[in-house]
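Student: Could you take me through a close look at one part of this model, the way its helices pack and bend? I'd enjoy one connected answer.

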Amino acid sequence: MSTLVRRHRRDRIMVGAMVVAVVVAIVPLAFILADVIAKGIGQLSASFFTQPEPFVATASGGGFGAGVRGTIKMVALGTVVAVPIGVLAAVYLSEYDPRGPLATVVRFFADVMTGIPSIFVGIFVFTAIVLTTHSFSSWAGGLALGILMLPVIVRTSEEALRLVPGTLREASLALGVRRWRTIVSVILPTALPGITTGVLLSIARAAGETAPLLLTAFGNQLLVGWGNWNGPEASLTLEIFTNSRSPFPAQQARAWTGALVLIIGILILSLVARAVVARRAGRSR
Amino acid sequence: MTVLSAGRLVTRRPADALFRFTAATCASIVLILLAGMLIRTTWSAWPAFSHSGIGIVTSNSWNPNLLQFGGLSFIYGTLVTSFIALLLAVPVSVLIALFLTEIAPARIATPLGYVVDLLAAVPSVVYGLWGVFVLVPFLTPIWQWLSSNLGFIPLFSQFSSGRDFATAGVILALMIVPIISAVCREVFRTVPADERESALALGATRWEMIRLAVLPRSRPGVVAAVMLGFGRAVGETIAVAYLIGGVPNKVTPHLFQQGSTIAANIALQFNEAASLPLFKAALIALGVVLFVITLLINIAARLIIRRGGRAA
């Protein structure tokens with residue numbers, strides 16, 4: 001009887017430890033979100049998204065307009081580069097020869113590539129583009145983000161393509177539709193919600209990157225024109241980084257507001273990504 | 001099978017062959033990129049490699065002004081902070097994964113899983129910002145207390161400023177909990193339900209069921225999860241750059257001293273290096289070292305996961 005009591009006590013202790021572990025992980029998250037909101041909301045205004053930083057470091061006001069624009073530009077470039085390549089690569093992995101040598105090796109190294117430090121991708125783009133063009137640039141930053149997004153898009157798109165029922169493929173092929181036509185008009189549209197989720201999650205990840213942009217886009221206090229891609233440009237993350245390292249309260253305050261804007265943006269993207277999946281799940285049922 | 005062979009027949013048409021070729025090219029880009037990244041960066045780092053030789057990883061004197069580029073202290077700092085992070089994050093992550101897969105009902109486990117995953121959605125620059133202004137003031141008195149009461153242990157002696165190996169390790173721990181617990185959750189889910197049920201049917205408590213049925217089968221997967229977390233910690237840059245102090249040449253057992261890591265040092269010294277070509281090459285060389293380390297860790301982890309997947 002006493003062993004039974006001991007066994008049940010041990011069971012309760014271990015389950016208790018699990019609950020404690022969950023709390024230990026969630027409490028810092030709650031504090032991070034609460035602190036970012038509390039310290040960031042004060043300076044939040046419409047002009048924060050459009051105004052550049054003031055020239056005088058100690059001056060308050062202004063905003064991260066340069067960074068917001070830079071993040072939009074560079075993430076957009078990364079998306080435009082990475083999505084077609086990533087989705088087509090996923091088509092190969094899932095539709096052509098999924099068990100073949102190329103697919104096996106690519107799938108493996110795409111997984112490996114998701115674990116490569118983002119700063120190394122920054123170093124690569126620095127050596128390949130910044131050193132050869134002799135200038136930091138928005139498009140170098142965008143390409144670095146694209147490289148980081150690529151493996152994520154390949155793997156999530158492949159998962160989405162694999163969920164397309166085989167009967168759809170068979171039905172289309174049996175009607176005499178060519179393979180590429182089947183892929184473009186039957187398989188890809190069916191997998192679209194899953195692919196969209198992967199793309200949105202990779203955009204959220206890219207928008208939060210700092211280290212690779214430090215070495216490629218470099219940062220800039222000035223607003224850079226939408227059409228100007230050849231010079232250094234800020235991103236939201238770079239402005240948070242530089243402002244938070246300043247001793248002046250006005251700059252630190254802007255860094256917190258920048259963090260708030262960044263987190264809200266990333267949370268919205270993540271929620272939309274989940275909603276897309278949830279809607280598909282609901283429809284198929 | 002018939003479908004496959006029908007597909008092959010159709011593939012012979014030119015439009016199909018072209019589409020297939022394009023898709024295969026895009027798939028190959030992943031491999032070309034990885035190889036290209038290694039070659040291009042090694043090429044740019046070559047002046048530093050030929051200047052310092054193996055000393056770039058074995059020598060502990062990093063003095064760019066004297067053209068001394070020994071990066072041992074950065075490798076040391078990277079390993080120390082990553083080990084602190086693993087020490088803190090692994091038990092927590094495994095327990096979280098066990099709770100979410102084995103104990104909590106799906107109604108609670110699903111939203112809780114989302115929340116834990118949110119830790120991964122917080123950008124590292126925000127971890128750094130929060131770390132400097134909230135975590136450092138919070139941890140400093142704790143570190144000071146440890147230092148004055150357990151100072152006879154070298155690990156805890158010589159407190160400096162609150163920006164140190166230990167603080168960087170704590171923030172890294174937070175950042176790698178989601179990846180470790182996510183992979184562990186996947187691994188625990190592959191344990192067949194009948195093994196759990198047989199343990200429970202024999203009268204095992206929930207914890208005994210976990211110990212008898214879940215953990216033994218999951219060991220390789222958990223090892224892989226830990227390695228993936230290790231790889232993340234090793235490569236993390238910005239949050240560590242905020243919190244470690246950024247002081248080179250510190251190979252010390254004292255965890256409450258300032259130091260630096262490979263990735264943090266690249267980010268922190270990158271601007272200074274602009275005017276000195278050899279300095280720049282040395283930072284790129286550090287990047288190559290970092291890439292090779294993380295590549296090996298990730299390849300090993302993925303091999304373990306793949307083998308486990310095949311066995312199951």
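Tutor: Let's begin where helix α4 (residues 118-133) of chain A meets helix α2 (residues 14-52) of chain B: their axes come within 9 Å and cross at roughly 70°. That angle makes α4(A) roughly perpendicular to α2(B), and the crossing of this pair is left-handed. Do keep in mind that this is a predicted model.

Sorted by class, the residues in the contact of α2(A) with α5(A) are 20 nonpolar, 10 polar and four charged.

In the loop between α2 and α3 (101-114) of chain A you will find A:Asp97. Its phi is positive, about 50°, although A:Asp97 is not a glycine.

Over in chain B, helix α7 (residues 165-189) has 25 residues and reaches 35 Å from its first C-alpha to its last, close to the 36 Å expected at 1.5 Å a residue. Even with that span, α7(B) has a kink of about 40° at B:Ile176, shortly before the proline B:Pro178. In α7(B), 23 of the 25 residues are buried, so the rest of the structure largely encloses this helix.

Definitions and conventions:
Residues numbered from 1 in each chain as written. Chains lettered and ligands numbered in written order. Predicted model: local features only at pLDDT ≥ 70, side-chain atom pairs only at ≥ 80, totals over all residues. Nonpolar A, V, L, I, M, F, W, Y, C, P; charged D, E, K, R; others polar. Helix = DSSP H or I, 4+ residues; strand = E, 2+ residues; numbered from the N terminus. Expected span 1.5 Å × (residues − 1). Bend = angle between axes of the 7 residues up to and from the residue. Buried ≥ 20, exposed ≤ 12 C-beta atoms within 10 Å, placed from the backbone. Axes fitted to C-alpha atoms, helices over the stretch in contact; angles between N-to-C directions. Parallel < 35°, antiparallel > 145°, perpendicular 65-115°, else oblique. Left-handed = near helix turned anticlockwise from the far one by under 90°.
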